[in-house]
Each structure stands twice: as structure tokens, then as C-alpha cells.
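Reader: I would like to go through this model step by step. Please keep the answers brief.

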Amino acid sequence: MAEKDFVNKLNIRTTRYASLENKSEIEALEDLLPGILKTTTLGYDGKGQIHVNNRIELEDAFLV
């Protein structure tokens, strides 16, 4: 997320994104679905990423 924030500050637009720190924040992010849930640590080249289609998949993936 820090990389996207940096690039956006340079007026280079990225895809929409949000930080999700706990399960209670999921409902507010439904407009970003379908989407990709990405880990904030140790994720690279597709590792630590899960495609989610809906809220139920997001909730299930977030618990892993």
C-alpha cells in the first residue's frame, strides 16, 4: 500500500485499493469486489494474493 500511496502522490493513478485490518471493515469495502486480497508482508510475484468474488469469499479468505 505504501507503494501505491507514493505513486498516487506523484499524480500517477493506480487501481482503487483499501487497507483491511479487521473483519468488521469488510462491509464498507463491498464496492471493491470482485478484487484481490493481498498480504501486506512477504507477498511478491502473485504470492500472498487471493482473488475474491464476493463478501463471503472475502470473509473466508480474511480468516486464513
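Reader: How many helices and strands does the protein have, and in what order do the elements run?
Author: This is a predicted model. Its secondary structure comes to two helices and two strands. Read from the N terminus, the order is α-β-β-α.

Reader: Where is confidence lowest, and where is it highest?
Author: The mean pLDDT of the protein is 84, and 94% of the residues reach 70 or more. The lowest confidence is in α1, at a mean of 84. The highest, at 90, is in strand β2, residues 49-52.

Reader: What share of the residues counts as buried?
Author: The C-alpha trace spans about 35 × 25 × 20 Å along its principal axes. The protein exposes about 5300 Å², and carbon and sulfur atoms supply 52% of that area. Of the 64 residues, the share that counts as buried is 16%.

Reader: Among contacts with a separation of 6 or more, what part comes from residues 24 or more positions apart?
Author: Take the contacts in the protein with a separation of 6 or more. Residues 24 or more positions apart account for 27%.

Reader: Which residues of α2 are buried, and what do they pack against?
Author: Helix α2 covers residues 55-63, and its buried residues are Leu 58, Glu 59 and Ala 61. They cover an arc of only 165 degrees around the axis, so they sit on the same side of α2. The buried residues of α2 pack against β1 and β2.

Reader: Which exposed residues does the other face of α2 carry?
Author: Look at the face turned away from the buried side of α2. The exposed residues there are Ile 56 and Leu 63.

Reader: Which residues form the nonpolar patch on the surface, and what is their accessible area together?
Author: One member, Phe 6, lies in helix α1, residues 2-9. Phe 6 has a relative accessible area of 54%; the cut-off for exposed is over 50%, so Phe 6 counts as exposed. The patch is made of Phe 6, Leu 10 and Ile 12, with about 320 Å² together.

Reader: Which peptide bond is cis?
Author: Most peptide bonds are trans. Pro 34 has its place in the loop between α1 and β1. The cis bond, with omega near 0 degrees, runs from Leu 33 to Pro 34.

Reader: How many salt bridges does the structure hold, and which residue does Asp 31 meet in one?
Author: The structure holds four salt bridges. In one of them, the N to O distance is 3.6 Å, between Asp 31 and Arg 16. Both residues are in the loop between α1 and β1, 15 residues apart. Both are exposed, so the partner of Asp 31 is an exposed residue, Arg 16.

Reader: Which residues do salt bridges with shared partners join into one network?
Author: Glu 30 and Arg 55 also meet in a salt bridge, at 3.6 Å from N to O. Glu 30 is in the loop between α1 and β1, 25 residues apart from Arg 55 in helix α2. Glu 30 is partly exposed, with a relative accessible area of 38%. The network joins Glu 27, Glu 30, Arg 55 and Glu 59.

Reader: How far apart in space are Thr 41 and Val 52?
Author: Thr 41 has its place in the loop between β1, residues 35-38, and β2. Thr 41 counts as exposed, at 53% relative accessibility. Thr 41 and Val 52 are 11 residues apart in sequence. In space, C-alpha to C-alpha, they are 19 Å apart.

Notes:
Residues numbered from 1 in each chain as written. Predicted model: local features only at pLDDT ≥ 70, side-chain atom pairs only at ≥ 80, totals over all residues. Heavy atoms only, no water. Patch = residues over 30% accessible without salt bridge, like charges linked within 9 Å, V, L, I, M, F, W, Y side chains within 5 Å. Areas by Shrake-Rupley, 256 points an atom, 1.4 Å probe, with all protein chains shown as cover. Salt bridge = Lys/Arg side-chain N within 4 Å of Asp/Glu carboxyl O. Helix = DSSP H or I, 4+ residues; strand = E, 2+ residues; numbered from the N terminus. Buried < 20%, exposed > 50% of the residue type's maximum accessible area, 1.4 Å probe, protein only. pLDDT = per-residue confidence, 0-100. Arc of directions from axis to C-beta. Contact = heavy atoms within 4.5 Å.
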